[in-house]
Amino acid sequence: LFFFLGGQGGLVFMLIQDKPLLESPHAITAFAGLGLLAANGVLGKTMKSDETKRTLHALLGSSLMAVFGVHAALGLNLGLSL
C-alpha cells in the first residue's frame with residue numbers, strides 16, 4: 001500500500017514539473033516491483049507444502065528486495081536531480 005501511494009505522489013510531482021510520465025528507470029522498477037509483489041503474493045497463497053514453490057517464493061522475495069534497492073537508489077537520484 002505504501003509503495004502504491006508513494007507512486008501516486010510521484011506521478012503528481014512529475015505532472016507539476018511537466019516531465020514525461022512512466023518513462024524513467026524509476027517508474028520501470030516500480031512496475032517491476034509491483035509485478036514481483038503480485039507474483040510472490042499469489043505464490044505464497046498457493047504453495048502450501050510444495051518445496052519447489054517455497055524455494056521459488058524465497059527467490060522471488062530476494063529478487064524483489066534487489067529491485068526495491070535499485071528503485072530506492074533511482075528515486076533518490078531522481079529526487080536530487082530536480
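1. A residue is called buried here when its relative accessible area is under 20%, exposed when over 50%, and partly exposed in between, with a 1.4 Å probe and protein chains only. Leu36, a residue of helix H2, has a relative accessibility of 19% and therefore counts as buried.

2. The model is predicted, so that local features need pLDDT of at least 70 and side-chain atom pairs count only at pLDDT 80 or more, whereas totals for chains, interfaces and linings use all residues. Residues are numbered from 1 along each chain as its sequence is written, and side-chain values use heavy atoms, with hydrogens and water left out.

3. Helices are DSSP runs (H or I, at least four residues), numbered from the N terminus.

4. Besides Leu36, the buried residues of H2 include Ala27, Ala30, Gly33 and Leu43. Setting aside residues up to four places away in sequence, Leu36 touches Leu60, Ser63, Leu64 and Val67, where contact means heavy atoms within 4.5 Å. The C-alpha atoms of Leu36 and Met47, 11 residues apart along the chain, are separated by 16 Å.

5. Asp18, in the loop between helix H1 (2–16) and helix H2 (25–46), has a phi near 60 degrees, positive although the residue is not glycine, and is exposed at a relative accessible area of 71%. Lys48, in the loop between H2 and helix H3 (51–81), has a positive phi near 45 degrees and is exposed at 65% relative accessibility.

Methods: Helices (H or I, at least four residues) and strands (E, at least two) are DSSP runs, numbered from the N terminus.
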